[in-house]
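Work through the exercises below with the sequence and the model side by side. Each task is followed by a solution in steps.

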Amino acid sequence: MEILWFICIILSLISHGDAHGPDSCNQEGGLCRVGSCVSGEYLASYCFEPIILCCKSLSPTTTKS
């Protein structure tokens, strides 16, 4: 029975298709964070689902010249 639980957990971790990886997150202007996004950010996607989130800033960053 223990091997059945182990197989279910492994299949659950492998089957998630939402994770895009840290490179994709960084290219889209986000940051990978563990646990939750900080204040002023929102969950855009996952770097590694379900633990590492891809968080993006709520307001676009502006540069002064």
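The exercises go from the overall fold to the disulfides, and then to the charged pairs.

Residues are numbered from 1 along each chain as its sequence is written, and the side-chain values use heavy atoms, with hydrogens and water left out. This is a predicted model, in which local features need pLDDT of at least 70 and side-chain atom pairs count only at pLDDT 80 or more, while totals for chains, interfaces and linings use all residues.

**Exercise 1. The fold**

Task: Describe the secondary structure of the protein and the share of buried residues.

Solution. 

Step 1. Find the elements, taking helices (H or I, at least four residues) and strands (E, at least two) as DSSP runs, numbered from the N terminus. The protein has 2 helices and 3 strands. Along the sequence their order is α-α-β-β-β.

Step 2. Look at the annotated region. UniProt, in an unreviewed entry, places "domain: Beta-defensin-like" at residues 22-56; its positions are given in the numbering used here, feature names are shortened, and annotations may be inferred rather than shown by experiment. Residues 22-56 are 17% helix and 49% strand, and their end C-alpha atoms lie 13 Å apart.

Step 3. Turn to burial, where buried means under 20% relative accessible area, exposed over 50%, and partly exposed in between (1.4 Å probe, protein chains only). Of the 65 residues, 17% count as buried.

Step 4. Among contacts with a separation of 6 or more, 32% come from residues 24 or more positions apart.

**Exercise 2. The disulfides**

Task: Find which cysteines are paired and state the pairing in sequence order.

Solution. 

Step 1. Apply the criterion: a disulfide is a pair of cysteine sulfur atoms within 2.5 Å. The whole structure holds 3 disulfides.

Step 2. Take C25 and C54, whose sulfur atoms are 2.0 Å apart. C25 is in helix α2 (residues 22-27) and C54 is in strand β3 (residues 52-57), so this pair ties together parts that are 29 residues apart in sequence. The torsion about the S-S bond is about 90°, so the disulfide of C25 and C54 is right-handed. Both C25 and C54 are buried.

Step 3. Take C32 and C47, with sulfur atoms 1.9 Å apart. Strand β1 (residues 31-34) holds C32 and strand β2 holds C47, so the pair ties together parts 15 residues apart in sequence. The link of C32 and C47 is left-handed, with -85° about the S-S bond. C32 counts as partly exposed because its relative accessibility is 31%, whereas C47, at 0%, counts as buried.

Step 4. Take C37 and C55, joined with an S to S distance of 1.9 Å. This pair links distant parts of the chain, 18 residues apart: C37 is in the loop between β1 and β2, and C55 is in strand β3. A torsion of about -85° makes the disulfide of C37 and C55 left-handed. C55 is buried, at 1% relative accessible area.

Step 5. Number the bonded cysteines in sequence order; the pairing reads 1-5, 2-4, 3-6.

**Exercise 3. The salt bridges**

Task: Count the salt bridges and locate the residues of each.

Solution. 

Step 1. The criterion is a side-chain nitrogen of Lys or Arg within 4 Å of a carboxyl oxygen of Asp or Glu. The count is 2 salt bridges.

Step 2. E28 is partly exposed because its relative accessible area is 46%, while K56, at 17%, is buried.

Step 3. R33 and E41 also form a salt bridge, at 2.8 Å from N to O. R33 is partly exposed, at 25% relative accessible area.

**Exercise 4. The surroundings of E41**

Task: State where E41 lies and what is in contact with E41.

Solution. 

Step 1. E41 lies in strand β2, which covers residues 41-48.

Step 2. Is E41 buried or exposed? E41 is buried because its relative accessible area is 17%.

Step 3. Leaving aside neighbours within four places in sequence, the contacts of E41 are L31, R33, C55, K56, S57 and L58.

Key
Contact means heavy atoms within 4.5 Å.
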